[in-house]
Amino acid sequence: MKILCCVKQVPEKDARIRVADSGDWIHSEGLAVAISECDRYAVEAALRLKEAVDGEVAVLLVGGEQGSKSVKEALAMGCDRAIHVITDELTRSDPFVISKVLAKAVEDEGFDLVLTGQQSDDLGYNAVGQMLAQHLGMSHAQIVLSVDPVEDGRIRVSHELDNALIETIELSLPAVLGVQSGINDVRYASLKGIMQANSKPQKKVTLEELDLSAEDLTPKLRIEKVGFPVRTSQAEMIEGDAAAAARTLVDKLRTEAKVL
Amino acid sequence: MDALSLDEFIALEDELSDEEKLVRDTTRRWVSERFLPIVGEHFENATFPDEVAREVAELGLFGGSLPPKYGCAGMNQVAYGLAQQELEYGDSGLRSFVSVQGSLCMFPIYRFGSEEQRTKYLPKMAAGELIGCFGLTEPDAGSDPGSMKTRATRDGSDYILHGQKMWITNSPIADLCIVWAKTDGDDAKDIRGFIVERDREGVECPTTHHKMSLRASHTGEILLDEVRVPAENILPETKGLGSPLACLNQARFGIAWGALGAARACFDEALAYGNERIVFGKPITAKQLIQKQLADSATQIALGQWMMHHLSRLKDRQGGRILPYQVSMAKRNNVAIALEVARTCRSILGGNGISAEFASIRHMLNLESVYTYEGTHEVHTLIVGRGLTGQDAF
């Protein structure tokens, strides 16, 4: 099976984030970066599939030169080769443009299965996978919890629906799947693998070489402003003994918070 | 204003290669996910989580800077140092476990062993299938290892080893011991290294109990009672006291990095705690006294980082060697400042600082050992002094 795994490089989850002076993005200079959390689970799912059915896993990343760190990590985890679309222009681009770039980078590769993370840690649009499937003309499922190969070029996929329902379906290949976080135990890249990642094939292409149309590179949305949630003091201490406090809490959750 | 992170002060991120960052981040993630959740309980119970050995081996941390042909990761000195730092962010016992296996057991086999010994032992040690320990210190020979009493007497094609080693990290669980013993005479130049398998008759490795420091670490003795080992177990290139000291210099380099990790763990904890701890209506981090403590601690950590990056790049450029005086200066400084940072951070935590629920007191207690082992602080002072004056003050 020929598998592609799309990964995004984002700020480390414990990085100290500060809003840039422009107000529409964050300070990114010197910021530690890492593979987005959901994408890690997608890489692990891809590697397990490869180990089960044989084949290859390629990793695809769109980003600046510093993206090579995440490319090498995926290779060190066990991916066989990498495609890195090098561009500094699309850091804040919208799902439409990113999905167009991803699709164009692999349209002639003939992948059977494309895995993405459910959503990215930074922008979290939860839309790239769906659009990518549309551009590539592939089947698609989101919030994927498990993937198993079955006969005749099909896969069995479990994924979440609303109200905590889990649906199991069969999809024809080729397909794009958006992988949920927490579905597997993600392996660590070995230090030996890290030191030898450079020996695996890494194809680097520029955005210009992909020859996308001006329309494909025109975002459909624009970030006007980013900021931290305003801190408010709305905590309320519930008095009384445990039983009475629990009754009051349930009542508030039902009538005020409306979550029960 | 928005607070800066300590990493922004240190500003080394852009100086690191992809591989160096990945080694650091991968080790950090493993320590955070797999080790930190369990270390507190092990420290309290004076046990070491032996099960982590397999995971440490899978990551490639054992002998990480030795060549891939022996199953090792082949990291450069910066990557190796960053890994030690992340391990000691977890606990000095964890870094010691890895450091003894790599710098004090695998390194002497690599540096002073025959090719046959290298291929026999190093791949299995890298894979964690064999755990080693390093026997130099004796009850009456600590800072003066040249006065050791352990003897290796030639008997036909064998050597008979007799003596006692103490304060030996990993000895209670070791499969093999690197034992240093005098062969022909009583001079330091007569010291040679031997590979002594644990299961040889006459070898015992009892555990040292009642430690108040490095509690999450195996410490013990090596008792050698007329232990017969074949001559092929001698490390052929060992010649005098310089050989074990070369191993110690490797380990001390890792300690100089590692201590910064312990300091950083304490600093992170104290800063986070101080931001949440309200006293007289304000977080204590808004108080001048606390800010001075944080500023002093951050400065010392940053200085240590800059020193180790420079020395590591130098070591890489010079084929893995820097002056032992430079290693002593780094070990002496970084462990001392780490101990001071740990004590300071423990005090910032107030009463909570004495609880094992927090990491600072664990690191503080551990660093008392690190201050004394692998060359005491005082011995490193004399080494640096000798380097500066050309005069021996031992």
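A: A quick definition to start: contact here means heavy atoms within 4.5 Å. Keep in mind that this is a predicted model. Chain A has 260 residues, and 45% of them count as buried. You'll find 7 helices and 11 strands in chain A, and its C-alpha atoms fill a box of roughly 65 × 50 × 40 Å along the principal axes.

Now for the part you asked about, in chain B. That chain is split into domain 1 (6–126), domain 2 (132–233) and domain 3 (242–389). Let's stay with where domain 1 of chain B meets domain 2 of chain B. Going by C-alpha atoms, the centres of these two domains are 24 Å apart. Domain 1 of chain B puts 24 residues into the contact, and domain 2 of chain B puts in 18.

Together, domain 1 and domain 2 of chain B bury about 1700 Å² between them, with 66% of that on carbon and sulfur atoms. As for polar links, there are 7 residue pairs in polar contact between the two domains of chain B, both residues at pLDDT 80 or more, while the salt bridge count between them is 0.

Look at the side of domain 1 of chain B that touches domain 2 of chain B: α2 (18–45), α5 (92–112) and α6 (115–126) of chain B each supply at least two residues. The largest share, 10 residues, comes from α5(B). By type, the residues on that side of domain 1 of chain B are 12 nonpolar, 8 polar and 4 charged.

Conventions:
Residues are numbered from 1 along each chain as its sequence is written. Chains are lettered from A and ligands numbered from 1 in the order in which they are written. This is a predicted model: local features need pLDDT of at least 70, side-chain atom pairs count only at pLDDT 80 or more; totals for chains, interfaces and linings use all residues. Side-chain values use heavy atoms; hydrogens and water are left out. Domain bounds come from an automatic or database domain assignment. Buried area is the accessible area (1.4 Å probe) that two parts lose on being put together, summed over both. A salt bridge is a side-chain nitrogen of Lys or Arg within 4 Å of a carboxyl oxygen of Asp or Glu. A polar contact is a pair of N or O atoms within 3.5 Å; within protein, one must be able to donate a hydrogen and the other to accept it, and residues adjacent in sequence count only if both atoms are side-chain atoms. Helices (H or I, at least four residues) and strands (E, at least two) are DSSP runs, numbered from the N terminus. Ala, Val, Leu, Ile, Met, Phe, Trp, Tyr, Cys and Pro count as nonpolar, Asp, Glu, Lys and Arg as charged, and the others, Gly among them, as polar. Buried means under 20% relative accessible area, exposed over 50%, partly exposed in between (1.4 Å probe, protein chains only).
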